[in-house]
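Hi everyone, thanks for coming.

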Amino acid sequence: MKPRILNFGSINIDHVYRVDHFVQAGETLASDSLSTVLGGKGANQSVAIARAGGDVRHIGRLCETDQWVSTYLEASGVDISLVETVAEPSGHAIIQVDRHGENSILLHGGANIGFESATLEKAIAQYDSGDYLLLQNETNAIALAFELAISKGLKVVLNPAPMSDEILSLPLEKLDTLIVNLGEAQALASKDKLDDVVESLTAKMPNTRILITLGDQGVVFVNNGDVTKIDATTAKVVDTTAAGDTFVGYFMASIVDGLKDLEALDRACRAAALAVESLGAMPSIPTSDQLEG
């Protein structure tokens with residue numbers, strides 16, 4: 001029986017503005033276009049897992065007036081039985097995408113930061129040793145979820161975005177897998193040079209798989225002291241917003257499906273490259289058929 005994936009993460013409604021450049025202090029800037037789409041790192045990663053062919057259940061909170069979001073997630077293949085509907089506003093993000101495809105994001109937590117311990121205890125109690133808990137950092141109660149999962153024998157996968165001081169206080173040495181971009185890795189290691197970052201994180205987390213994503217420079221993979229560099233897949237960049245979440249979701253689905261680490265990394269890199277060729281977060285996440293077609 002395959003391990004199951006439980007994803008405790010944010011659900012956001014993203015307002016994506018196409019602009020010539022990121023707005024500066026004191027500047028009023030007209031956008032070229034606006035699109036409103038479903039996003040949030042947690043929801044993005046759940047959809048990526050589902051579109052990659054994985055089985056994922058999402059723990060989330062959503063405003064009761066945003067039922068279309070639940071419909072979209074379910075249609076994408078995500079199990080939403082642990083998504084609560086509440087009176088407070090859903091989390092949302094204001095995203096600027098410039099002419100180079102780079103993004104700048106302003107985030108409001110909303111319902112994502114109102115989780116109570118009883119909700120997490122009930123959800124994680126339904127999972128067994130060997131199953132996976134996926135965490136990001138756009139919700140409250142990350143430390144509690146981590147603790148509950150470890151006590152049940154779950155394998156914890158952390159994508160600590162956005163980075164915060166709370167992440168530094170977690171028992172990171174107990175992680176099964178850490179997935180970070182270079183900036184996040186530098187913050188965790190308190191180092192700047194990539195070689196120093198790898199050495200520091202390996203010393204702190206000797207039994208953890210460490211994936212450091214480097215954008216169009218590929219990925220550095222560290223496991224049991226072995227360091228492997230995987231090149232990025234060439235892509236025509238339109239919008240990088242969902243690249244990281246697509247990578248995480250495809251890697252998770254591939255590992256659970258039995259692929260070896262480097263095979264899973266190759267598949268995740270190819271999926272992320274395909275994602276950056278389309279505008280928006282969740283709409284750009286490819287299905288496995290699109291990836292292999």
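So, the buried residues of α2 pack against β2 (12–18), β3 (33–39), α1, β4 and β5. Contact here means heavy atoms within 4.5 Å, and helices (H or I, at least four residues) and strands (E, at least two) are DSSP runs numbered from the N terminus. Please keep in mind that this is a predicted model: local features need pLDDT of at least 70, side-chain atom pairs count only at pLDDT 80 or more, and totals for chains, interfaces and linings use all residues. Residues are numbered from 1 along each chain as its sequence is written, and side-chain values use heavy atoms, leaving out hydrogens and water.

Which residues of α2 are buried? In this helix, residues 67–75, they are Val69, Ser70 and Leu73, with buried meaning under 20% relative accessible area, exposed over 50% and partly exposed in between (1.4 Å probe, protein chains only). They sit on the same side of α2 because they cover an arc of only 100 degrees around the axis, taken from the directions from the helix axis to the C-beta atoms. On the face turned away from that buried side, you'll find the exposed Thr71 and Ala75. After α2 comes Gly77, with a positive phi near 105 degrees.

Now the sheet. It is open, with 9 strands in the order β5-β4-β1-β8-β9-β10-β11-β12-β13 and mixed pairing; two strands pair if DSSP finds at least two bridges between them. The edge strands, β5 (79–86) and β13 (226–230), each pair on one side only. β12 (residues 219–223) pairs with β13 in the antiparallel sense over 5 bridges, and Val222 stands opposite Val227 in β13.
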